[in-house]
Amino acid sequence: MSEKYLSTSALARDLKITAKELFAVFQEYSLIKKTEAGWELTREGEKYGAKVKDSKRYGRYITWPETIKERITVPDNADQKTPVSSTTISKKFNVSSPKVNKILSELGLVSRERKGWILTSLGNDWGGKQLEHPQSGVPYIHWPESILDNKNFKEVFM
C-alpha cells in the first residue's frame with residue numbers, strides 16, 4: 001500500500017492549524033526555504049519524504065507524506081488566545097500602526113529589517129513570535145494577548 005501525500009494546506013487542515021503556521025513549522029525544521037519564486041523544498045524536506053508536484057491548476061507545490069504528522073511538533077492552538085499584531089495594538093491604544101512599530105523599536109522589542117520587523121531577544125522574552133508573510137517574505141511579529149495588559153507597555157501609550 002502506498003503512502004498518502006497531502007498538500008501543505010490539506011495537512012494544515014488535518015492538524016487544525018493555518019497553512020501559514022505550518023509553513024513556519026516546516027521552515028523551523030529546515031524542510032523548506034523561501035526563495036524569490038516561493039517556497040522551495042530542501043534536502044532535509046526530501047529526507048522527510050516530501051515531494052514537489054506540478055499541477056496545471058495549482059502550479060508547483062510541495063506534498064507531504066501523511067506520516068509527517070508524527071515527526072513534527074505543531075503549535076497547540078486549543079487554548080491559545082488570538083495573537084496580537086501591531087494593527088491590533090494600534091486600535092487598542094488609538095495610534096497608527098507605524099507609530100506602534102516605532103514604539104516597539106524604541107523599547108528594544110523589534111528592529112527594522114527589509115520591509116518588515118525582526119524580533120529582538122528582549123522581544124522574544126516578552127513572548128513575541130517571528131513570522132514571515134508566505135508570499136512576500138516580509139518579516140512581522142505577533143505578540144501574546146497579555147502584552148495589552150502589561151503595565152509597563154500600557155504606560156508608553158498613556
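Residues are numbered from 1 along each chain as its sequence is written. In this predicted model, local features need pLDDT of at least 70, side-chain atom pairs count only at pLDDT 80 or more, and totals for chains, interfaces and linings use all residues, while side-chain values use heavy atoms, leaving out hydrogens and water.

Student: How many helices and strands does the chain have?
Tutor: Both are DSSP runs, numbered from the N terminus. A helix is H or I over at least four residues, and a strand is E over at least two. The chain has seven helices and nine strands.

Student: What share of the 158 residues counts as buried?
Tutor: Buried means under 20% relative accessible area, with a 1.4 Å probe and protein chains only. By that cut-off, the share of the 158 residues that counts as buried is 36%.

Student: What is the volume of the largest pocket?
Tutor: On a 1 Å grid over the protein atoms alone, a pocket is an open set of points where a 1.4 Å probe fits, with protein on both sides within 12 Å along at least five of seven lines. Points are joined across faces, edges and corners, and the volume is the space filled by probe spheres set on them. For the largest pocket that space is about 460 Å³.

Student: Which element gives the most to the lining of the largest pocket?
Tutor: Lining residues have an atom within 4 Å of a point. The largest pocket has 15 of them, with F23, W39, R60, Y61 and I62 nearest its centre. Two or more come from each of α1 (8-15), β3 (38-41) and β5 (59-65). With four residues, the element that gives the most is β3.

Definitions and conventions:
Buried < 20%, exposed > 50% of the residue type's maximum accessible area, 1.4 Å probe, protein only.
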